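Subject: Structure handover

Hello,

The structure we talked about is placed below, with notes on what was found in it. Please read the notes with the structure open.

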Amino acid sequence: MARNSDLDVAYVAKLARINLTEAEAELFQKQLEDVLKYVEKLHQADVSDVEAAGHGLPIFNVFREDAPRDWFTAEKALSNAPRQANGLFIVPKVVE
Amino acid sequence: MTEKDLPALSIADLQSLLRRREICAREVVNALRARIEAVDPDIGAYLSLDMDAAAKEAEESNVDLPLGGVPLAIKDIINVMGQPCTCASKILQSYRATYDATVIRKLRAAGAIPFGKTNLDEFAMGSSTENSALKLTRNPWELSRVPGGSSGGSAAAVAADAAFGALGTDTGGSIRQPAALSGIVGFKPTYGRVSRFGLVAFASSLDQIGPLTKTVRDAALIMNAIAGHDRQDSTSLDEPVPDYAARLGHDLRGVRLGLPKEYLIEGIDPQVKAAINAAVKQMNSLGAEIVDVSLPTTEYAIAVYYIVATAEASANLARFDGVRYGYRAENAKDMLDLYGCTREEGFGPEVKRRIILGTYVLSSGYYDAYYLRAQRVRELIRQDFAKAFEKVDALVSPTSPVPAFKLGERAADPLQMYLADIFTIAANLAGICGISVPCGFAEVDGRRLPIGLQLLGKALDEARILQIAHAYEQTTDWHKARPPIAAAGRKA
């Protein structure tokens, strides 16, 4: 596939666990290259004396007592599962 | 007042009728149901409705509570127990919420009735609601145009009198921009002011829940109910919450309004520009002092946003893997294939694009160049606003550079769509609060399209921003204008 940047959409899609079709990969490659070209302008900003912002506002660690409380039942947690049995989420075989 | 006229009322007016026992909450729900049946086939604002449950809740409602007996629409990305929560995505199409978000718990405690879920861009990613995988929503002022987004369903419902008020979410303008394009009020609180617990996360450091309403007073009433600290959201701010509605009524004398010179960009529609200039002049004549200010990092805001927001989205949306809830692809070969097929089939194109971009900017070798640099420029943007707010009480701009655009007009070019958020996006990066209020109309192809005025305030200064917006609103009639579909519905 033709590429004009370091971005390889097909490879990154694999990292993101999305099985893109070839046509999609090609379209996204072009569209995201446009976006990456646009964001290059950030290299004009002088950030030499600036700390990275984690949030817009200063927020610090929040602690609470490590105490048990009522929360989801297993039944509720499973209520939207695509497949479930015996109180478990059922998935394809993981170990050969 | 006949039942047909009820849906056009503001929340405040509805409440005075309810409290004087001139109407009952059950009649309100019935009137709203009839209204939705009449207009929503044309508008497409709602993804799901639970009017029978709402009617039952209305029977038991206590109208003397702060929002007693008031039905409210909820953007379908906020969990309401027992109702669907689709995020307008195929991947959550059959999902049912198993708990109430904190905002819903608080609205219920205040007596409100969350009766229906509104359409949005899939996972709130978009500016036109066209990215919904489930439904097309049209602008009540002109059905061939978008309602804005991503809270487009909430905005269209309120504008068409098919909701008294609604909740939306704002990550880069998703409350303010659809409010502007649909001719209503949209309020984005300070980051952390309203709990995000139970909101499906898109970009966790930017997302904030807020009201879309017909008037500024209604926005203040909803804010009274939903604002405040929540132990279940670690980013929620533990700060006292004023009575926003009680603080309304100040005039504009002594208020300092800043005009950021960087916001006078090319590409602003001349009719939008004229409406904003007229609004500024009017606020000046009402006693506000107009001050020129500078936000030099404005040009970086969209670039920073599309790195930070996509990075956070790529992490947040990792949970949709076909295992614990939502859609699961059939015939997957193994576990990895199950993830890959589920996400390929379950997500729409814009969501996939953003996850891929976010994964890339966080990936080894590119993290410093993109993500870290963006977070540093974000700090510069925050400092710009802090400096501006040393000089002024609020910043004034258009909410959107253009009025509502045509369906399909921008859908093919993601970057052009992103650029439409130029005036709203920086507020999310800085964590500050902002509002859009109606300030005029543009004449396009012989139709009137609403224009929104944006006021931005410093963090936790919601009360003042609502005061200023209210003072302006009270001297205009823009918020009283109803779209043609609203008038047509009432005559029928």
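How many bridges join β9(B) to strand β11 (residues 447-457) of chain B, and do they run parallel or antiparallel? There are 4 bridges, and the two strands run antiparallel. Strands are DSSP runs of E with at least two residues, helices are runs of H or I with at least four, and both are numbered from the N terminus. Two strands pair if DSSP finds at least two bridges between them.

Before the rest, the basis. This is a predicted model, in which local features need pLDDT of at least 70 and side-chain atom pairs count only at pLDDT 80 or more, while totals for chains, interfaces and linings use all residues. Residues are numbered from 1 along each chain as its sequence is written, and chains are lettered from A and ligands numbered from 1 in the order in which they are written.

Confidence

The model has an ipTM of 0.93 and a pTM of 0.97. For chain B the mean pLDDT (the predictor's confidence in each residue, from 0 to 100) is 95, and 99% of the residues of chain B reach 70 or more. Where pLDDT is low, the predicted coordinates should not be read in detail.

The two chains

Chain B has 16 helices and 11 strands. Its radius of gyration is 21 Å, close to the 23 Å that the globule rule gives for 492 residues, so chain B is as compact as a globular protein of that length. The radius is taken over C-alpha atoms, and the rule is 2.2 Å times the number of residues to the power 0.38. The C-alpha trace of chain B spans about 65 × 55 × 50 Å along its principal axes. Of the 492 residues, 63% count as buried. Buried means that 20 or more other C-beta atoms lie within 10 Å of the residue's own; exposed means 12 or fewer, partly exposed is in between, and C-beta atoms are placed from the backbone.

Chain A has 3 helices and 2 strands, in the order α-α-α-β-β from the N terminus. Its radius of gyration is 23 Å, well over the 12 Å from the globule rule for 96 residues, so chain A is more spread out than a compact globule. Its C-alpha atoms fill a box of roughly 55 × 45 × 25 Å along the principal axes. Of the 96 residues of chain A, 18% are buried.

Where the chains meet

The contact takes 40 residues from chain A and 56 residues from chain B. Two residues are in contact if their C-beta atoms, placed from the backbone, lie within 7 Å. On the side of chain B that touches chain A, the largest share comes from α12(B), with 10 residues. By class, this side of chain B has 27 nonpolar, 14 polar and 15 charged residues. Here Ala, Val, Leu, Ile, Met, Phe, Trp, Tyr, Cys and Pro count as nonpolar, Asp, Glu, Lys and Arg as charged, and the others, Gly among them, as polar.

One residue to look at is B:Ile356, which touches A:Val9, A:Val12, A:Ala13, A:Ala16, A:Phe28 and A:Leu32, leaving out residues up to four places away in sequence. B:Ile356 is also among the residues with the most contacts inside the largest nonpolar core, which has 177 residues. Such a core is a set of buried Ala, Val, Leu, Ile, Met, Phe, Trp, Tyr and Cys residues joined through C-beta atoms within 7 Å.

Back to β9(B)

In strand β9 (residues 394-398) of chain B, 5 of 5 residues are buried. Strand β7 (residues 256-260) of chain B is joined to β9(B) by 2 bridges, and these two run parallel. B:Gly258 has B:Leu395 in β9(B) as its bridge partner, and B:Pro398 stands opposite B:Leu453 in β11(B).

Backbone points to check

Most residues other than glycine have a negative phi, and most peptide bonds are trans. The exceptions found here include the following.

- B:Gly149 and B:Ser150 are joined by a cis peptide bond, with omega about 10°. B:Ser150 is in the loop between β3 (113-118) and α5 (152-159) of chain B.
- B:Ala88 has a positive phi of about 55°, and with 32 C-beta neighbours inside 10 Å it counts as buried.
- B:Asn331 has a positive phi near 65°, and with 7 C-beta neighbours inside 10 Å it counts as exposed. B:Asn331 is in the loop between α9 and α10 of chain B.

Regards
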